[in-house]
Amino acid sequence: MPWPLESMRQLELRERPYHVKRAPAITRDNVDLFLDGVVYLRIVDPFKANYAVADPIDAMLILAQTTVRSRIGEMTLDQTFKNREELNSHVITALQHAGEEWGIVCTRYEVKDIEPPDSIMQAMKAEAEAERKKRATVLESEGVRQAHINTAEGEKASRVLESEAHRDAAINEAVGAADAVRAAAAAEADRILTLARAQAGATELVANALCKEGGELAARVAMASEWIGAFSELGGRSSTLVVPADTGSVPAMLAQAMACFDAVNSGASGPPPSRLAKAGKAARGAMEAPSRKQSRTVKRH
């Protein structure tokens, strides 16, 4: 092959992934790590890629490896696992800056694996197990606390409902008692009113009967009967009684009753108060006159 053709190289202008070899690194807290990654490169200027550097791909891979190791030395072990995005961005920025002179660009970089020593892995597993146990204990205690809270709230609601039920029952009993008292008072008022109306009707009937023929004689007989009945009831009121001397004489008692009636009848033409006064005076006179003449004491055994 002629001389110019022997010195020519073929370059792939398409973007391609390249594996970054596994390399050791030390974190800021002195933990040894082994990590590898994948970088995506694309040649954009073949002239610079041929004449600015001997092998642009190999140069970018070596630069990626050293940049990762340098960045790992600034991070702790926990940050290495948590901040992978930050690590990837830092490597891409460094490769972009260097690739401008070599006619090549880095489109993305990803850390594949981070392998700490076995002792660190065991410690991390123990820590993870302890964290899981801690969360389980916390969750269990939260469950117990929530159960106690629910029980207390249930008892509180039950007591509130029970007290409200007692209050409503007391209110109902008070309302019922008040209604009963009002009903009893209304019934008593109706009874008194009915009795008063009956007495008024009876008085009116008696007055009408007295105005009829034979009414006076009937009134005399009725008064005499009530007079005798009143004396018959005196024996049950006391063990010692003072009675007129002639209680055994029926004609005398009838005469006294008729005297009361005549006193009332003779004052019928006067005003009502004077008739009542005369009737009372006549009755007292009829009762007291025989007792002044002669009285006797009767004892009941």
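Start at the centre. The largest nonpolar core holds 29 residues, and V39, L41 and Y109 touch the most other members. The elements that give two or more residues to this core are β1, β2, α3, α5 and β3. Helix α3 supplies the largest share, 7 residues. In soluble globular proteins, nonpolar side chains tend to be buried together. The model described here is predicted.

V39 shows what a core residue meets. Setting aside neighbours within four places in sequence, V39 is in contact with R16, P17, Y18, V20, L61, L95, C106, R108 and Y109. One of these contacts, Y109, is itself among the residues that touch the most other core members.

Now the sheet. Three strands form an open sheet in the order β1-β2-β3, and the pairing is antiparallel. Strands β1 (16–26) and β3 (104–115) stand at the edges with a single partner strand each, so one side of each is left without a neighbour in the sheet. From one strand to the next, the twist averages 25°. Strand β2 covers residues 32–43 and is joined to β3 by 10 bridges, the two running antiparallel. Within β3, I104 stands opposite I43.

Two helices lie across these strands. Helix α3 (residues 56–72) lies across β1, β2 and β3, and runs at about 35° to β1. Helix α5 (residues 84–102) lies across β2 and β3, and runs at about 145° to β3.

Look along α5. The helix has 19 residues and reaches 27 Å from its first C-alpha to its last, close to the 27 Å expected at 1.5 Å a residue. Its buried residues are L87, N88, V91, L95, A98, G99 and W102. An α-helix has 3.6 residues a turn, so residues three or four places apart point the same way. The cover over the buried residues of α5 includes β2, α2 (46–51), α3 and β3. After α5 comes G103, with a positive phi near 70°.

N88 lies in α5. Is N88 buried or exposed? At 4% relative accessibility, N88 counts as buried, because the cut-off is under 20%. What does its side chain meet? The side chain of N88 makes a polar contact with the side chain of E110, at 3.2 Å. Apart from neighbours within four places in sequence, N88 is in contact with Y109, E110 and V111.

Notes. Residues are numbered from 1 along each chain as its sequence is written. This is a predicted model: local features need pLDDT of at least 70, side-chain atom pairs count only at pLDDT 80 or more; totals for chains, interfaces and linings use all residues. Side-chain values use heavy atoms; hydrogens and water are left out. Two strands pair if DSSP finds at least two bridges between them. Helices (H or I, at least four residues) and strands (E, at least two) are DSSP runs, numbered from the N terminus. Axes are lines fitted to C-alpha atoms, for helices over the stretch in contact, and angles run from 0 to 180 degrees between N-to-C directions. Contact means heavy atoms within 4.5 Å. A nonpolar core is a set of buried Ala, Val, Leu, Ile, Met, Phe, Trp, Tyr and Cys residues joined through side-chain atoms within 4.5 Å. Buried means under 20% relative accessible area, exposed over 50%, partly exposed in between (1.4 Å probe, protein chains only). The expected span of a helix is 1.5 Å times one less than its number of residues. A polar contact is a pair of N or O atoms within 3.5 Å; within protein, one must be able to donate a hydrogen and the other to accept it, and residues adjacent in sequence count only if both atoms are side-chain atoms.
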